[in-house]
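Here is a short briefing for a first look. It covers the ligand's surroundings, strand pairing and helix packing.

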Amino acid sequence: MKGYERKSRRIKIDEGVLMQEKIIIKTRRLSCFPVNQGYLKFLLKLWNEPDIMRYAGFARNWSYAQIKEWYKKHKKRLAKYGNTEIQFIHKLRNGRLIGESGIGRLKKGWSCRNYKTQKDKLVLMTDVKLAKPFWNKGYGTEAMKTIVQYVFTRTNANILLVPPHRDNVPAIRVYEKACFKKTKGIWYRYHMIYEMTKEDFIERSLKEKGILITSILPSSK
Ligand SMILES: CC(C)(COP(=O)(O)OP(=O)(O)OC[C@H]1O[C@@H](n2cnc3c(N)ncnc32)[C@H](O)[C@@H]1OP(=O)(O)O)[C@@H](O)C(=O)NCCC(=O)NCCS
């Protein structure tokens, strides 16, 4: 029974991605967890705010009924396809809600201008949005690093992408600080593609622990 309970918290989808629905990730100042109905008003406020959405699509101008509808469909998609997407909320350790990150899976072999993924690679896309009072305090970078850690330790993703607008300097800075690399890809219009591969992630994690892997084996002499 215990084993069954553990399994039921992890939803497996066709490619073997594991995204845990009931997970809380804690960092020094933040905690990050999947959205539930209780956080819809907060999400609505973020997604309706023109300054926040300036480079992230557009202010949605949704009503509460519309976000409830979005949530219903989100849950339906999770039930039907498994966890191909996940909507995280970022919260300060003192309980204040500060932002969100959505993660979605792209189709195998997905491509856009100047960027193509290999058919056997599992590619996820994400971003981060924070409420204005929390900008420029390092929270965006901390939140993004949390998402990166989650993706490469709890899912089978090979590549994680972010699509910042070319004029969105703070977002580009956050992605660079989280160690994403700029590619030549253009997602749409002025949105670029920054990428991180699982190999990049592992190499960086090892480097942080003082371990360096080189391709040349030391001589046995
Ligand atoms: C993008 C966003 C998440 C950044 O979060 P944040 O908490 O402010 O980020 P951080 O504090 O970790 O880092 C911001 C960096 O940008 C820099 N920055 C901010 N405004 C800048 C500007 N106008 N010009 C140059 N650098 C700027 C900061 O100095 C900092 O870099 P540093 O640490 O090297 O000094 C936040 O601005 C946001 O929510 N924007 C609206 C939503 C959005 O556009 N999301 C991205 C979608 S792809």
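Two strands pair if DSSP finds at least two bridges between them. This is a predicted model. By that rule, β12 (residues 181–188) pairs with β13: four bridges join the antiparallel strands.

**Strand pairing**
- In this pair, Lys-181 has Glu-195 of β13 as its bridge partner.
- Two residues lie between the strands in the hairpin of β12 and β13. Arg-189 takes a positive phi there, near 45°.
- Strand β13 (residues 191–197) also runs antiparallel to strand β11 (residues 159–162), and four bridges join them.
- Opposite Val-162 stands Tyr-194 in β13.

**Around the ligand**
- The ligand has 22 residues around it, of which Trp-135, Gly-140, Thr-141, Ala-171 and Arg-173 come nearest.
- Two or more residues of this shell come from each of β10 (129–130), α5 (139–154) and α6 (169–177).
- With five residues, α6 gives the most to the shell.
- By class, the shell has 13 nonpolar, five polar and four charged residues.

**Helix packing**
- Two packed helices are described by the angle between their axes and the distance between the axes.
- For α5 and α6, the angle is about 50° and the axes are 9 Å apart. The two helices are therefore oblique to each other.
- The crossing of α5 past α6 is right-handed.
- From α5, Gly-140, Thr-141 and Met-144 make the contact. From α6 come Pro-170, Val-174, Tyr-175 and Lys-177.
- This contact of α5 with α6 divides into four nonpolar, two polar and one charged residues.

Key. Residues are numbered from 1 along each chain as its sequence is written. This is a predicted model: local features need pLDDT of at least 70, side-chain atom pairs count only at pLDDT 80 or more; totals for chains, interfaces and linings use all residues. A residue is near a molecule or strand if its C-beta atom, placed from the backbone, lies within 6 Å of it. Ala, Val, Leu, Ile, Met, Phe, Trp, Tyr, Cys and Pro count as nonpolar, Asp, Glu, Lys and Arg as charged, and the others, Gly among them, as polar. Axes are lines fitted to C-alpha atoms, for helices over the stretch in contact, and angles run from 0 to 180 degrees between N-to-C directions. Angles under 35 degrees count as roughly parallel, over 145 as roughly antiparallel, 65 to 115 as roughly perpendicular and the rest as oblique. A crossing is left-handed if the near helix is turned anticlockwise from the far one by less than a right angle, and right-handed if clockwise. Two residues are in contact if their C-beta atoms, placed from the backbone, lie within 7 Å.
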